[in-house]
Amino acid sequence: MVEPMTEPPGLRWGDPAKAMTLSPAMRELVSQALGVTPDKVRPPVAPEAIELPEPALDAAAREALTAIVGAEHVRGDREARLAHTRGMSTPDLLRLRAGEAADAPDLVVAPASHDEVVALLRECAARRIAVVPHGGRTSVVGGLQPAREGFNGVVALDLRRFDRVLQIDQVSRTATLEPGLSGPEAEAVLVEHGLTLGHFPQSFEQATIGGFAAARSSGQASAGYGRFDELVVGVRLATPRGAVELGRAPRSAAGPDLRQLVLGSEGAFGVITAVTVAVRAAPEVRRYEGWRLPSFTEGAAVLRRLAQDGPLPTVLRLSDEAETALNLARPDEIGAGEGAGGCLAIVGYEGAADEVEQRRDSVTAILRDAGATFEEGAGEAWAEGRFRAPYLRDALLDAGVLVETLETATFWSNLADLYDSVGAALRDSLTGQGTPPVVLCHISHLYPSGASLYFTVAAAQADDPVAQWREAKAAASDAIEAAGGTITHHHGVGVDHKPWYAREIGPLGVEVLRAVKATLDPDGILNPGVLVP
């Protein structure tokens, strides 16, 4: 079996060698601010104690799928099934840590070509077997949690044998990538050709190219490089009915852009087997700085000015007062802040040396004019630790803390109201459950017309932390809807956001989605229950 199918069960994030432990300051914060007591700490069960259901697929079905990809690329053992159970949301992890894996797939199959994927989908459609595409398994919205009812089994389609760069077009500056490439793998190949994708979400080290496209991912440098869906110029989709190939030119007036139906489709319309993306020259210089602004309101005004009138840094984000005080921009130093007040902005520049210096000089003048002060070392610390937050979450879960994130976006004129409404909903819900939280937020992913708000929430775990978070998340989602925000900016819909997504697009919009699903996947086998209300 190929190496990607031998990883241990996903009770924790990423590389075990990078696991974090809580600092003394953070342990004190957990105890004093959240009221976490030793009796609330529940160690995760051992992987071998996790209960798996008996596989539902019969021998004939397994033989048919094996005939398509070969016996060495089909597994039904305990390790492989656990390693493909659900995603990486806090509820996903809490359920596994409690020993519950009732929705583990029956079989893991790893195709290596577009034709093999089409053949697998057709075979599964004929046998009423649900198919869930798997890449880096980083979904945080229940995107790998299929509905089993009405199906004869569930197959996890492991795509990480799709690990090639198919073409690099230096003239057009595009690259055609297979979906199983991880972020670091794709970037490493592009750098060898003097290029970069510039896409660095917090999940970068684990997530894959196919996942970036399927979930409309947005990276930390989106101000300079754009969202992933803005980078995609071509895509190939495998469905039970055959292939859909889209993208003959960067832009077209030949009807609605069907690429947009594939981007964000979360495996519900088909399996992405190739993505062509616009790439850029690898930057000569990367420089990240920290600036402290007097308040979140004043800082937001400066970000809006830069987003609308320029010059726009490559990275631009602003922590609110609570997130700044906690020092969340420096994951290895959480709880060790100096209490200087104000709000920390991270400002990053990437590109040619001369261009970076010109842009930095202009942005610095605007920041200083707004009363910002330079924060020595903050930018470098953020850059060094920007992929560490998921490891910190594991350490906090170990310590009895419920910690999770959610995000939304809106127009600048509505940003303050949305910020207040969501924060209040989270505090009211969790306080009402007897677990007063710490709620943090930052602005990121800026546009001339608006921006994203990204919330981090921490509270003592209740007796049922999954139910605890679901109640709080529902309250926050209701607040997002009422305040006019979108239910998700870059995490996707999955299962968790479906009710609010349905209300956001309206009944007729839901009918359109169902019609697309019925056309491409008439038997409904593709990631059933996900995305489509």
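Visitor: Is R86 buried or exposed?
Guide: The model is a predicted one. Residues under 20% relative accessible area count as buried. R86 has 1% relative accessibility, so R86 is buried.

Visitor: How far apart are the closest N and O atoms of E100 and R86?
Guide: E100 sits in the loop between α4 (90-97) and β2 (107-109). R86 sits in the loop between α3 (78-83) and α4, 14 residues apart from E100. At 28% relative accessibility, E100 is partly exposed. The two form a salt bridge, and their closest N and O atoms are apart by 3.9 Å.

Visitor: Which residues are linked with R86 in a network of salt bridges?
Guide: The salt-bridge count for the structure comes to 27. One of these bridges joins E100 to R86. The network around R86 takes in R95, E100 and D103.

Visitor: Which residue does R97 meet in a salt bridge?
Guide: R97 lies in helix α4, and its partner lies in helix α15 (residues 389-398), 301 residues apart. The N to O distance is 2.6 Å, and the partner is D398.

Visitor: How many residues apart in sequence are R148 and D106?
Guide: R148 and D106 form a salt bridge, with 3.2 Å between the closest N and O atoms. R148 is partly exposed at 28%; D106 is buried at 2%. R148 is in the loop between β3 (130-134) and β4 (154-158), D106 in the loop between α4 and β2, so the pair ties together parts whose separation in residues is 42.

Visitor: What kind of aromatic pair do W291 and F374 form?
Guide: The structure holds seven aromatic pairs. In this pair the centres are 5.5 Å apart and the planes make an angle of 75°. Planes over 60 degrees apart count as edge-to-face. So the angle of 75° puts W291 and F374 in that class: edge-to-face.

Visitor: Is W291 buried or exposed?
Guide: W291 belongs to strand β12 (residues 285-293), and F374 to strand β15 (residues 373-375), 83 residues away. F374 is partly exposed, at 35%. W291 has 0% relative accessibility, so W291 is buried.

Visitor: What is the pair of Y419 and F455 called, given its planes?
Guide: Y419 is in helix α16 (residues 415-432), F455 in strand β18 (residues 450-460). F455 is buried, at 1%. The ring centres are 6.3 Å apart and the planes are at 20°, so the pair is stacked.

Visitor: Which residue lies over the face of F200?
Guide: Ring pairs link F200 with F204 and F387 in a cluster. The charge over F200 is 5.3 Å from the ring centre and belongs to R386.

Visitor: Over the ring of which residue does the charged end of R388 sit?
Guide: This is another charge-over-ring contact. The distance to the ring centre is 5.6 Å, and the ring is that of Y391.

Visitor: Which element gives the most to the lining of the second largest pocket?
Guide: The pocket has a volume of about 470 Å³. Of its 24 lining residues, the closest to the centre are R216, L263, G264, V493 and Y501. By class the lining has 10 nonpolar, nine polar and five charged residues. α10 (259-262) and α18 (498-520) each supply at least two, and the top contributor, with four residues, is α18.

Notes: Residues numbered from 1 in each chain as written. Predicted model: local features only at pLDDT ≥ 70, side-chain atom pairs only at ≥ 80, totals over all residues. Heavy atoms only, no water. Phe/Tyr/Trp six-rings, centres within 6.5 Å; stacked < 30°, edge-to-face > 60°. Buried < 20%, exposed > 50% of the residue type's maximum accessible area, 1.4 Å probe, protein only. Lys NZ or Arg CZ within 6 Å of the ring centre and 35° of its normal. 1 Å grid on protein atoms, 1.4 Å probe; cavity = no way out; pocket = protein on both sides within 12 Å on 5 of 7 lines; lining within 4 Å. Points joined across faces, edges and corners; volume = space filled by probe spheres on them. Nonpolar A, V, L, I, M, F, W, Y, C, P; charged D, E, K, R; others polar. Salt bridge = Lys/Arg side-chain N within 4 Å of Asp/Glu carboxyl O.
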